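I want to look up a few things here and jot down what turns up.

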Amino acid sequence: MSRAFLIVMDSVGIGGAPDADRFFNDGRPDTGANTLGHIAQACASGQADQGRSGPLRLPHLDALGLGAAVTLASDAKPPGLGAQPQGLWGAATEISPGKDTPSGHWELAGVPVPWDWHYFTDKFESFPPDLVVKTCELAGTDGILGNCHASGTTILNELGDEHIRTGWPICYTSADSVFQIAAHETHFGLERLLRLCEALAPTLHAMKVGRVIARPFIGEDGAFTRTPNRRDFAIPAPAPTVLDWAHDAGRVTHAIGKIGDIFSHRGVRHLHKGKGDADLADHLVRLAGEAEEGSLTFANFVEFDSLYGHRRDIAGYARALEWFDGRVGEFLAHLRPGDLAIFTADHGNDPSWYGTDHTRERVPILGYAPGLPPRALGLRAFTDIAASIAAHLEIPAQGPGQSFFQRDRT
């Protein structure tokens, strides 16, 4: 039986979204954003030489067709990425009304979002009073800290000491549909934080807020750092996803990274987590050698987004891409005849762009199957990826997508 691997390079967009003018960063439309294209340009012009140097080097991903996908999506020719494609390559366009993690992942998994997300748009006093009261009741505190839009690392420096002194949870949001709670693992308690977020989640989900995120941290006297014990309590997808299709067909499913949280652990048999993307890459390479026949492995690599995109760190993003490309080479070397691997992304997060939010972009489709000849896939829908995984695994697909292995979409 064939195996399938779906790998999401979180935020590695390639520009060209036709509706980018409807999405904004700091009041300016995302028209022209191009995460990969602008990183490649910065590298080639010597503007991303911190910890690395020269043009962007992604030999394995580029050989699959990454540079060609950027040009297809946005007409940009990314410097350093000009290989003749040796894999399945194309670009995908999202239709869901959001540029966030759940929207992108659900649609890649076959389920476009059928509603508009709720956002907390006020920069200060962001949350309605009844939600603040509910949070205090569940936390057992007289108040909350934050109640604003904030960077997760910045707000720890600003409010960490007061949090320890008062015991009040730090609550904040962003341009995403999200309610985040930061609390100290020792002074507040990790399990207490997780219980609080889990108890609040139904209230937020009823408002169509996509995620309640627990953000534990450690440290003392203003020197605070997040821990890897983050937990996302996401609203369940409104219909079965490719994970459910595989699970219901009796196939083994593996979720690497935050995939379990994004899909509310539905359709997931085995969960593989780690302290960072390096650990997750180890899991992916290991599963390339060990995963069961007929299985589906679904992975997310978040640090492109969380460490470099939101922080607008072009050089850091470039370093992460070059590191990941090396691990891609290891992974591909372990694949067997009959396997299919697809690399893609869920949205953009152009580190050269305005603001700190995600950017609305098309995403790459890079496929590799040992022995399968190169093929241009053209412009596709996000949901075509799930349909193609299902076709490869020979399981029923329930979503609107069209498999790459059927006639091409016009």
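How are α1 and α12 oriented to each other: roughly parallel or roughly perpendicular? I note first that this is a predicted model. I looked up the two axes: helix α1 (residues 35-44) and helix α12 (residues 314-333) come within 10 Å and cross at roughly 100°. Angles from 65 to 115 degrees count as roughly perpendicular, so α1 and α12 are roughly perpendicular to each other.

Next I checked who meets whom. From α1 I listed Thr-35, Leu-36, Ile-39, Ala-42 and Cys-43, and they meet Ile-314, Tyr-317, Ala-318 and Leu-321 in α12. Sorting this contact by class, I got eight nonpolar residues, one polar and no charged ones.

Is Val-328 buried or exposed? Its relative accessible area is 3%, and under 20% counts as buried, so I wrote down Val-328 as buried. Beyond its neighbours within four places in sequence, I found Val-328 in contact with His-60, Leu-61 and Phe-343.

Last entry, the domains. The assignment gives domain 1 as 4-113 + 238-393 and domain 2 as 129-234. Their C-alpha centres lie 29 Å apart. I found 14 residues of domain 1 in contact with nine of domain 2. The two domains bury about 920 Å² between them, with 48% of it on carbon and sulfur atoms. On the domain 1 side, Pro-102, Asp-261 and Asp-357 lose the most area to domain 2, together 37% of what that side buries.

Notes
Residues numbered from 1 in each chain as written. Predicted model: local features only at pLDDT ≥ 70, side-chain atom pairs only at ≥ 80, totals over all residues. Heavy atoms only, no water. Axes fitted to C-alpha atoms, helices over the stretch in contact; angles between N-to-C directions. Helix = DSSP H or I, 4+ residues; strand = E, 2+ residues; numbered from the N terminus. Parallel < 35°, antiparallel > 145°, perpendicular 65-115°, else oblique. Contact = heavy atoms within 4.5 Å. Nonpolar A, V, L, I, M, F, W, Y, C, P; charged D, E, K, R; others polar. Buried < 20%, exposed > 50% of the residue type's maximum accessible area, 1.4 Å probe, protein only. Domains from an automatic or database assignment. Buried area = accessible area lost by both parts, 1.4 Å probe.
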